[in-house]
There are 2 protein chains.
Amino acid sequence: MEDRLDPKDILLEAAGEIFAEKGLEQATVREICGKAGLNIAAVNYYFRDKKALYVEAVKLAHCTGGQTPQFEVLEGAPPEQVLEAFLRQMMGMMLDDVRPTWHLELMMREMARPTEACVELVRSFIGPMFETLKQIIRPLLPAEISPFNLNLHAFSIVAQCLLYRYHRPVGRILVGEDGYTTLMDLDRLTRHITDFSLAALRGASTPSKGATATQSVSHQETKP
Amino acid sequence: MEDRLDPKDILLEAAGEIFAEKGLEQATVREICGKAGLNIAAVNYYFRDKKALYVEAVKLAHCTGGQTPQFEVLEGAPPEQVLEAFLRQMMGMMLDDVRPTWHLELMMREMARPTEACVELVRSFIGPMFETLKQIIRPLLPAEISPFNLNLHAFSIVAQCLLYRYHRPVGRILVGEDGYTTLMDLDRLTRHITDFSLAALRGASTPSKGATATQSVSHQETKP
DNA sequence: ACTTGATTAAAACACTTGTTTGAAACGGAC
DNA sequence: GTCCGTTTCAAACAAGTGTTTTAATCAAGT
């Protein structure tokens, strides 16, 4: 840990790591202060209490860097290429190649089981990222698409990225230890998700003709 | 709660609900026994300790019902239709229309942050479901596809379903309260995920020709 | 009615938690 | 040096945790 800093920052950094690893209620202020090399009373001196420290840590997690909305730069490139670049950056985050490890982990925790810190997190990090993605895929979809369906398509894309972060352990059990290490490759995953999503977006060009070939017969229950 | 039952079952049922709601370490044996109408010592009398009770609750969650591998029945139908039926059932689970609420919630918790109970859960519930999906989409993909890429495609499909369960609160903040209630509709979501996935699978028919139009230029960093 | 085994109940135990307290140590200003 | 505000520390507090213990209760079996 970096010494010679504001003890408030040291405490915040240690808190971020522990909170990301164990969550708000599972982390203890003793462990946090121990890691920070400070006394137990520090958390109450610099912040009000444990929860305030947590909220501040989440805020720090999504305020540092701020590398989200810099995609409008390559607007000249074809949208397929922009999408691939976006997905590569996103998957880089999912695979922990970008930030200090605990930043994203803490944000993921907050997204899965939100506290009061979540609204600000979505407003300043998730939201802009989502809007960027929508702008990227917008020209790849038919012009008459509704904002509603645009949201659905964007959801389908980010969902694929999130899977490899949230369900790593299940995936490991599912495909085996060896097959899983070869699976978690940035280039491979980026390419697959890009191809899969691009094909889906192209297929959506005909909203009422080709797609949904089986929509009226599907209400039957599947009981043997 | 159903009375006149083996107190072991009553305890297990109450434990399932509380564990699903709060997780293993956040739930207290006092609250569980309180809900079950039993004494605190019951958890140590019928089960060994809290963790053993938890493992048993997870086992109960994925053993009751067992409605997973009944999809081979309608093998006569076209695979597109089978996929839609599968996705409808899966989304029904995600939207809490099928089982008693806590069963799936507990499994989701176990998948997100696995304990020792996860291996058995994957082996007897997640695994078969995943294999079923792979068999369904198998005829929709080119014959020469590798098991590896088949896994990737199946992952991309289940990922879309899981999103609407895991990130409900984020989605709510993202698209607004009103837009979100209209979003969480079983038919609408099933139709979208089916269309999106079918289009993607069709697009994968040309594994080296049309797809991945932008793969060599994408290594540039996106720094302004 | 008495005994025996299984079940339930209340209390206590040992431990950890977040938070608070009050005094000690520090660092400049005068 | 003396003073004073800021920062650190060790100790204690009250509340809550899982677990154990010990006695009470119950339901047959004889």
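Predicted model: local features only at pLDDT ≥ 70, side-chain atom pairs only at ≥ 80, totals over all residues.
Residues are numbered from 1 along each chain as its sequence is written, and chains are lettered from A in the order in which they are written. Local features need pLDDT of at least 70 and side-chain atom pairs count only at pLDDT 80 or more, while totals for chains, interfaces and linings use all residues; side-chain values use heavy atoms, with hydrogens and water left out.

A search of the whole structure gives 24 salt bridges over all chains, a salt bridge being a side-chain nitrogen of Lys or Arg within 4 Å of a carboxyl oxygen of Asp or Glu. One of them joins Arg88(A) to Asp187(A), with 2.5 Å between the closest N and O atoms. This pair links distant parts of chain A, 99 residues apart: Arg88(A) belongs to helix H5 (residues 79-94) and Asp187(A) to helix H11 (residues 186-203). Helices are DSSP runs (H or I, at least four residues) numbered from the N terminus. Arg88(A) is buried, at 14% relative accessibility, whereas Asp187(A) is partly exposed at 28%. Here buried means under 20% relative accessible area, exposed over 50%, and partly exposed in between (1.4 Å probe, protein chains only).

Within helix H7 (residues 118-137) of chain A, Glu120(A) and Arg123(A) lie 3 residues apart, about one turn of the helix. Their side chains form a salt bridge with an N to O distance of 3.0 Å. Glu120(A) is partly exposed at 30% relative accessibility, and Arg123(A) is exposed at 55%.

In chain B, Arg48(B) and Asp49(B) form a salt bridge, their closest N and O atoms 3.4 Å apart. Asp49(B) is partly exposed, with a relative accessible area of 32%, and Arg48(B) is exposed at 61% relative accessibility. Elsewhere, salt bridges with shared partners connect Asp96(A), Glu105(A), Arg165(A) and Arg113(B) in one network.

Methods. Helix = DSSP H or I, 4+ residues; strand = E, 2+ residues; numbered from the N terminus.
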